[in-house]
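Please read the following explanation alongside the sequence and the 3D structure.

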Amino acid sequence: MKTRGPKNPNKVLLYYCIGALVALLVFNWLVFPQMMRGAVTEVTYNQFLSDLDAGSVVAVEEDSSKGTITYQIKDENGRDRICQTAIVNDPDRVDRILASTGPDGQAVQYGGVVPTQASPAMNLLFGVVLPIIIMVAAGQLLMRYMSKKMGGPNAMSFGKSNAKVYVEAQTGKTFADVAGQDEAKEALAEIVDFLHNPGKYNSIGATLPKGALLVGPPGTGKTLLAKAVAGEAHVPFFSISGSEFVEMFVGMGAARVRDLFRQAAQKAPCIVFIDEIDTIGKSRDGAGGIGGNDEREQTLNQLLTEMDGFDGSKGVIILAATNRPETLDKALLRPGRFDRRIPVELPDLEGRAAILKVHAKKVMMDENVDFMAIARATSGASGAELANMINEAALLAVKNGRRIVRQSDLEEAVETVIAGYQRKNKVLSQREKRIVAYHEIGHALVAARQTDSAPVTKITIVPRTSGALGYTMQVPQEETNLLSREEALNKIATFTGGRAAEELIFGSYTSGASGDIEQATRLARSMVTRLGMSRQFDMMALETTAGKYLNADSTLACSEGTAEKIDEEVLAIIKSAHEKAINILKENIDKLHELAAFLMERESITGEEFMGILNREPSPAPAAQNGQ
Ligand code: ADP
Ligand code: MG
Ligand code: ZN
């Protein structure tokens, strides 16, 4: 946000005071003209009579409503003066004035002011009410001006949502501006389609999710995607950042939410985008702290109420973005609210090259720049960082007096920008990348070589939002509710596959398997204590559980001696699974190398690509099934 501080608020206030004073004077001059036409001398009635007798009076004006006589005289030096006196009950006055002559010997001009024209009410209106209105209006203008200068919400905009309304022409972004992120784009395209032809969905009785949550690390293009949706959908787009809800007065945030949704309902179909929703949507429990965070909580509650309150078929779609999904309140993620989650992850090799190309269009680029080479050198960089690199490169070209950007500029820019984020420890070194690649392929290979294991759908070594360095996504082909002993053992073997590959190839261990260890142990333990899958304990329940789900809290309910035996059994299960994994990998060592090299090169690999390589040429026979 462009937050320009006010240059000097005190100065502005001073200008305001001076301005108001001038306005008041001008106003007075208009309403009471004679008062201002020159200095008016107050004189006694006697003086008036003697001036009249002396023949210096030119004109007399009586105002009975004010009780004044104002007259003009020409003094000895021939200058005009205005004098004023009070009307005295003098029956001769009229005759005397009419009988008098002025300095030039002509009759004195004599007249009065008709009092009905300026009734007391009009006087009040013009003299008091109008100036007040003018001053208040000027004050409002000033406040608005000051708050704009300060760039933030202010005390005077009581509960207005401040949401910026973009129309298509204004965001100017389309999906073409977002490179990579194909999965996210696909999910959002559905929303765009709904806004285009709501009838298609309504006629079949389908309702789209009310809200979708864009989740991903900073700079991956979440805000950009939301703007692109608005650009594609040709509907009004309300954009507001979570931090703008947090107001200086308690209750204002909630009022803003209400206002935002009221506006949105009027403009439907439209999109409401709440950027950085974690600022208001933080989990409510455990917030604690003195004073708590009532304000934020109220705002969140209002948001939940509004989301429940409106009818999804009207075509108001709420998008939100966050890079800290884990801090969000569970209530926000409930069905009917932000039930759809759209991951926006860091780009892989292809994605990075595409992003570089999109941004390179905006600068003069040498034709034979190799974007792939740059992409290869920037693993772990976000879209924002890549955009920044292009810009840095352009700046370098200018600095070197060139009109087009060359490969060397880009290479130098990569170094400057990477230096910035390497400190954040996001980029994997080449060696780490190798380890992670073998680790992930290890999981996948063990999974694929066991008949009962689900096939791999995607493997990536791009660091994930969750903090995992690599990721193997296994989706069961069909929903399985029953877990056989065989399947459970295979799963455990798959969990150990990552570490097994590391051992086999590098002969050393890394901390990368901590998550696997936890999962393998949990499963092995529940096999023994709850699922009756161990030989030793048969169908004896060894645990009481608080919940009915697999990973609910549970406590051991057995003697100490039994606990020891349980540990032995769990260890035996894991050990044999580990051995099995090592054997599978040993038998498929060529494929392990081949697949790991491919993954290192491409950074992510789909299930089909994986299976393609695995089945490309006759490979060693599948591992023996020894489910022990
Ligand atoms: P986020 O909201 O996820 O933190 P932004 O949407 O603000 O990230 O992205 C910042 C900038 O980075 C964008 O304006 C754009 O220039 C660039 N950028 C990020 N991701 C992409 C992408 N996938 N394709 C093109 N540009 C991108
Ligand atoms: Mg953003
Ligand atoms: Zn692992």
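The shell around ligand 1 is made up of 7 nonpolar, 7 polar and 2 charged residues. In this division Ala, Val, Leu, Ile, Met, Phe, Trp, Tyr, Cys and Pro are nonpolar, Asp, Glu, Lys and Arg are charged, and the others, Gly among them, are polar. The model is predicted: local features need pLDDT of at least 70, side-chain atom pairs count only at pLDDT 80 or more, and totals for chains, interfaces and linings use all residues. Residues are numbered from 1 along each chain as its sequence is written, chains are lettered from A and ligands numbered from 1 in the order in which they are written, and side-chain values use heavy atoms, with hydrogens and water left out.

In total, 16 residues surround ligand 1, and the closest are Ala-179, Gly-219, Lys-222, Thr-223 and His-359; a residue is near a molecule if one of its heavy atoms lies within 4 Å of it. Polar contacts are pairs of N or O atoms within 3.5 Å. A polar backbone atom of Gly-219 is 2.7 Å from an oxygen atom of ligand 1, and a backbone N or O atom of Gly-221 lies 3.1 Å from an oxygen atom of the ligand. On the side-chain part, a polar atom of His-359 lies 2.8 Å from a nitrogen atom of ligand 1. Of the 560 Å² of accessible area that ligand 1 has on its own, the protein covers 79%; such areas come from the Shrake-Rupley method with a 1.4 Å probe. Two or more residues of the shell come from each of α9 (222-233), α14 (349-360) and α16 (383-399), where helices are DSSP runs (H or I, at least four residues) and strands are E runs of at least two, numbered from the N terminus.

His-443 is buried at 7% relative accessible area, and Asp-516 is buried at 14%; buried means under 20%, exposed over 50%, and partly exposed in between (1.4 Å probe, protein chains only).

Key:
A polar contact is a pair of N or O atoms within 3.5 Å; within protein, one must be able to donate a hydrogen and the other to accept it, and residues adjacent in sequence count only if both atoms are side-chain atoms.
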